[in-house]
Amino acid sequence: ISESQTGRAIRTEKYKYSVRALTVPVFYDGASANVYYEDYLYDLENDPYEKMNLANDKNFKEIRKNLAKQLSDEMEKAWELKPKIKPALIKRKK
């Protein structure tokens with residue numbers, strides 16, 4: 001996602017979902033991680049300006065699970081190891 005963090009994201013027609021690693025990027029090894037934590041989830045239909053982060057919302061647990069699977073599948077297609085994606089550690093406002 002940037003030089004200051006290791007993260008991955010996926011966007012569908014309805015949602016934008018991102019995860020980030022807690023480790024500092026190491027560019028010579030491809031800047032990937034074995035474990036990521038949920039960072040953002042936005043419902044793009046109901047919140048097009050991305051003002052409500054749903055990464056900690058219990059009502060979106062199943063959606064996050066499905067998006068995490070889609071994301072890890074895409075990461076595997078891009079020759080990355082299948083990561084473990086864990087729930088968000090902190091609640092972000094945006």
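## Helix against sheet

The buried residues of α1 pack against β1, β2, β3 and β4, where buried means under 20% relative accessible area, exposed means over 50% and partly exposed lies in between, computed with a 1.4 Å probe on protein chains only. The structure is a predicted model, in which local features need pLDDT of at least 70 and side-chain atom pairs count only at pLDDT 80 or more, while totals for chains, interfaces and linings use all residues. Residues are numbered from 1 along each chain as its sequence is written, and side-chain values use heavy atoms, with hydrogens and water left out.

## Overall layout

The protein chain has one helix and four strands, and from the N terminus on these elements follow the order β-β-β-α-β. Helices (H or I, at least four residues) and strands (E, at least two) are DSSP runs, numbered from the N terminus.

Of the 94 residues in the protein chain, 38% are buried. Among contacts with a separation of 6 or more, 54% are made by residues 24 or more positions apart, a contact being defined by heavy atoms within 4.5 Å.

## The sheet

The four strands form an open sheet in the order β1-β2-β3-β4, with mixed pairing; two strands pair if DSSP finds at least two bridges between them. Because β1 (7-11) and β4 (84-86) stand at the edges with a single partner strand each, one side of each is left without a neighbour in the sheet. Neighbouring strands of this sheet are turned by 30° against each other on average, direction ignored, the angles being taken between N-to-C directions of lines fitted to C-alpha atoms, on a scale from 0 to 180 degrees.

Strands β1 and β2 (residues 15-20) run antiparallel and are joined by five bridges, and the two form a hairpin with three residues between them. Within this pair, alanine 9 stands opposite serine 18 in β2. The pairing of β2 with β3 is also antiparallel, over six bridges, and here tyrosine 17 has leucine 41 of β3 as its bridge partner. Strand β3 (residues 35-43) then pairs with β4 in the parallel sense over three bridges, with lysine 84 in β4 as the bridge partner of valine 35. Eight of the nine residues of β3 are buried, so this strand is largely enclosed by the rest of the structure.

Leucine 54 is found in the loop between β3 and α1 (61-77), and with a relative accessibility of 9% leucine 54 counts as buried. Not counting residues up to four places away in sequence, leucine 54 touches Leu41, Asp43, Phe60 and Arg64. The C-alpha atoms of leucine 54 and tyrosine 42 are separated by 6.1 Å, although the two residues are 12 residues apart along the chain.

Glutamate 50 lies in the loop between β3 and α1 as well, and is buried, with a relative accessible area of 16%. The side chain of glutamate 50 makes a polar contact with the side chain of lysine 16 at 2.7 Å. A polar contact is a pair of N or O atoms within 3.5 Å; within protein, one must be able to donate a hydrogen and the other to accept it, and residues adjacent in sequence count only if both atoms are side-chain atoms.

Helix α1 has 17 residues and reaches 24 Å from its first C-alpha to its last, close to the 24 Å expected at 1.5 Å a residue, the expected span being 1.5 Å times one less than the number of residues. In α1, Arg64, Leu67, Ala68, Leu71, Ser72 and Met75 are buried. They cover an arc of only 135° around the axis, which puts them on the same side of α1, the arc being that of the directions from the helix axis to the C-beta atoms.

The face of α1 turned away from this buried side carries the exposed residues Lys65, Lys69 and Lys77. Just after α1, tryptophan 79 takes a positive phi of about 70°.
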